[in-house]
Amino acid sequence: LDKLMRFAVVGAAGRMGRALIRAVAEHDDCEIAGAIEREGSAELGQDAGTLAGLEPLHVHLTDDPLPVFAQCEAVLDFTTPDATVGFTDLAAQARIVHVIGTTGMAQSHFDRLDAAARHAVIIQAGNMSLGVNLLAAMTEKVAAALDADFDIEILEMHHRHKVDAPSGTALMLGEAAAKGRGINLDDHADRVRDGITGARKRGDIGFAVLRGGSVVGEHSTIFSALGERVVLSHIAEDRAIFARGAVKAALWGHGRKPGRYSMRDVLGLND
Ligand code: NAD
């Protein structure tokens, strides 16, 4: 690019939205050209920079995405599944890169993304940090090396405001473990345990979820056999890691051929 890449942030007043505004503003090759919030949001009209704890950027929050997308090369989206599928159609129309961090999506949402990805570059990942994507790659490798004598459990903890469970990252790790083991996660996931559950089923991949306080995100993949345990962990201390990952993904995606890509593609961890 011979000029700055222009970004829109949707869900701009959210926890991740503010971190995204800071990450774009701090990047030498990028600028904020628009900031979107939902209709009725109390922050509409506010300056995006001020909202993110920066100097004013002279970009004001609006609830009208179309004219904003027309002025941008990329949109960063950490909102809700229903909002995200709406934005993906608009981003495809405007032919701009859509970077999606939103979690909790159902198959119907992914189908919408795949439809839009026929015409547009979409980069979607349940976690945008380098460390977690490395953890997923390691989880896949270790799961491939160990047989079902090792029980696989995924443990996650997040702040008290998180609305979906298990986290998108935990599911991503479950997918990586299942892929390494050559099984389908849907057939082997044990997502909820309560009461007299019976003994653990050999080959299942279990999930455990903790919620509390201000935890940004902690994940472990635990491989347990008789007499030993391998634990791979990642601790996120600051949302900035996800926001910087999202900016990196947009820069990587600019000018690429249409398709749905993952953060492992962006980071070159897929081989
Ligand atoms: P949040 O609730 O603080 O922010 C979401 C924002 O989106 C809110 O400000 C809300 O008003 C806005 N929004 C909702 N619908 C909208 C619409 N139709 N148009 C415009 N704005 C809309 O939540 P958060 O903690 O910032 O997390 C957001 C999402 O990102 C969650 O799904 C979370 O799990 C995910 N997340 C992903 C990663 C990752 O690396 N992939 C990291 C952190 C969080």
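**Close-up views of a predicted model**

**View 1. The end of helix 9 and the glycine that follows.** Just after helix 9, G255 adopts a positive phi of about 85 degrees. Everything here comes from a predicted model, in which local features need pLDDT of at least 70 and side-chain atom pairs count only at pLDDT 80 or more, while totals for chains, interfaces and linings use all residues. Residues are numbered from 1 along each chain as its sequence is written, and side-chain values use heavy atoms, with hydrogens and water left out. Helices (H or I, at least four residues) and strands (E, at least two) are DSSP runs, numbered from the N terminus.

**View 2. Helix 9 along its length.** Residues 240-253 form this helix of 14 residues, which reaches 20 Å from its first C-alpha to its last, close to the 20 Å expected at 1.5 Å a residue; the expected span is 1.5 Å times one less than the number of residues. Ten of the 14 residues are buried, so helix 9 is largely enclosed by the rest of the structure. Buried means under 20% relative accessible area, exposed over 50%, and partly exposed in between (1.4 Å probe, protein chains only). Among the buried residues are F242, V247 and W252.

View 3. Contact means heavy atoms within 4.5 Å. Axes are lines fitted to C-alpha atoms, for helices over the stretch in contact, and angles run from 0 to 180 degrees between N-to-C directions. Strand 7 (residues 151-158) and strand 10 (residues 217-225) are antiparallel partners joined by seven bridges; two strands pair if DSSP finds at least two bridges between them. Look for L155, whose bridge partner in strand 10 is S220.

View 4. Four bridges link strand 4 (residues 74-77) to strand 5 in the parallel sense, with L76 partnered by V99. Strand 5 (residues 97-100) also runs parallel to strand 6, through three bridges. Here V99 stands opposite I123, and I100 has Q124 as its bridge partner. Strand 6 in turn pairs with strand 12 (residues 259-261), again parallel and over three bridges, where I122 meets R260. On strand 5, V97 and V99 point one way and H98 and I100 the other, and all are buried. Strand 6 (residues 121-124) has both faces covered, with V121 and I123 buried on one side and I122 and Q124 on the other.

**View 5. Helices 4 and 5 side by side.** Helix 4 (residues 81-93) and helix 5 pack at about 10 degrees with axes 9 Å apart. Residues making the contact include V85 and T88 of helix 4 and R112 and L113 of helix 5.
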